[in-house]
Amino acid sequence: MTFQVATTDSTATSRLVELLKSEALDCARDALLHVISRQLQLQSIRAIEINKCGLNGKQAEALGQCLIGCSSLEVLSVTTNPVGDVGGAAMLKNLSEMSSLSQLRVLRLAGSELGLEAAGALSRLLPQLRGLEVLRLSGNKGFGDAGGEAICRALDAPFPLRELVLGTCGLGAAAAVALAKSLLQLRDLQMLSLGNSSGIGDAGVAAVCRALGAQAPMRELRLHRGSLGSEAATALGESLPQLRDLQVLRLEDNRGLGDAGGAAVCRGLSAQGAGVTLRELYLRNCSLGAGAAEALSRLLSQARGLEMLDLGSNPGLSDAGGAAVCRSLAVPGSVAPMRELRLRKCGLGAETAEALAGVLPQLCVLQVLDLNWNPGLGDAGGVTVCRALAAHGAELPLRQLWLECGMGAEFREALVGLSSKVRDVCKF
């Protein structure tokens, strides 16, 4: 639960903090709104955050009324509250009557149970928020495709927007088309999240991905648990060479991506050249195979700053693919910055074990190694990994080591050779 108010009036801050610490918070929201309203007359409020406080629709509307006289508000965060569609729409309508909206930089309304009416109110409010830098709306499934389309159309202007989060909002193809058009205007965008938006469809995601080519400053792209297929993969692969600042790419749980799609994405990243800035790559459960493994191996030889790689639940990678990936992690004469390496359920075997054992000495900052559910490793593979860990594991800052692969007595015996530090984090 978070309730914070930032103001230049230290006396007001003291009174609010004292009240917020009260155990009677749950029954004092009306009093809090009254206090806020009174302090707003000083026009000193810069930020209001009411997160996980149980704020309902009527209280949200009252909050909007409180804000009408405010001219200095920069941050408004009302997240994970049962505000509802009607209350959210009323609050946003009141916001549109504020004396000045030019200062508002951050608007967070995630998980507020908003729907089509609130989406309409927001779409009418957005054209007034010309200084908006952060817009987070995730978890409002009631928006649906029509609401999402209205919001995305309202963004078709040169906003200085840096973060746009629209995951789990029930978006569909129409919203995707509207978003793709608006992206051409949002030239400062650094983070876009459309996770949990399977309703967009492959063609809709493809439209968005084509527009991404204009987003040179993009640093984080989240398209996980969606509907990426061959068309979207091709479009994304063609846009990625222009996204030279990209550090985080989340595509996990897109089974339609497939081997060819995964390969296209990896080739697109490789086309950025030697200066690949990627730090985290999530490709879990994407139906990858040998082709993607080969393209990924070439990418990893360029992405020397990669810290997190999740390839779990891609059994099609197989032992040869897993071995190629592990060998490509080696950085001659240097230390790899890899913190998490997740290869759960990837069809790995003895060849991968040998390759991984060879590269472990360079993974000096490795914290998580997940090899679960790779029965092909067998006792021999398990012993190979354990011996490498016995030689270098004490030097690793391991927090999690997953080795549940159905191994037998020989492997169990090899475990005895591990340091107590490594054994303590080993999970079966």
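How many cavities of 30 Å³ or more does a search of the whole structure find? Three.

Before you click around: this is a predicted model, where local features need pLDDT of at least 70, side-chain atom pairs count only at pLDDT 80 or more, and totals for chains, interfaces and linings use all residues. Residues are numbered from 1 along each chain as its sequence is written, and side-chain values use heavy atoms, with hydrogens and water left out.

**Stop 1: the largest cavity.** Select L300, A303, R304, L306, S328, L329, V331, A336, P337, M338 and L363, which line it. A cavity here is a set of points, on a 1 Å grid over the protein atoms alone, where a 1.4 Å probe fits but cannot get out; lining residues have an atom within 4 Å of a point. The space inside is about 70 Å³, a volume being what probe spheres set on the points fill. Its lining has nine nonpolar residues, one polar and one charged.

**Stop 2: the second largest cavity.** Now pick L194, S197, I200, V205, L223, G226, S227 and L228. They line about 50 Å³ of space. Five of these lining residues are nonpolar, three are polar and none is charged.

**Stop 3: charges over rings.** Show R344 and W373: the charged end of R344 sits over the W373 ring, 4.7 Å from its centre. That label needs NZ of Lys or CZ of Arg within 6 Å of the ring centre and within 35 degrees of the ring normal. Then jump to F159, where R130 lies over the ring face at 5.1 Å from the centre.

Conventions
On a 1 Å grid over the protein atoms alone, a cavity is a set of points where a 1.4 Å probe fits but cannot get out, and a pocket is an open set with protein on both sides within 12 Å along at least five of seven lines; lining residues have an atom within 4 Å of a point. Ala, Val, Leu, Ile, Met, Phe, Trp, Tyr, Cys and Pro count as nonpolar, Asp, Glu, Lys and Arg as charged, and the others, Gly among them, as polar.
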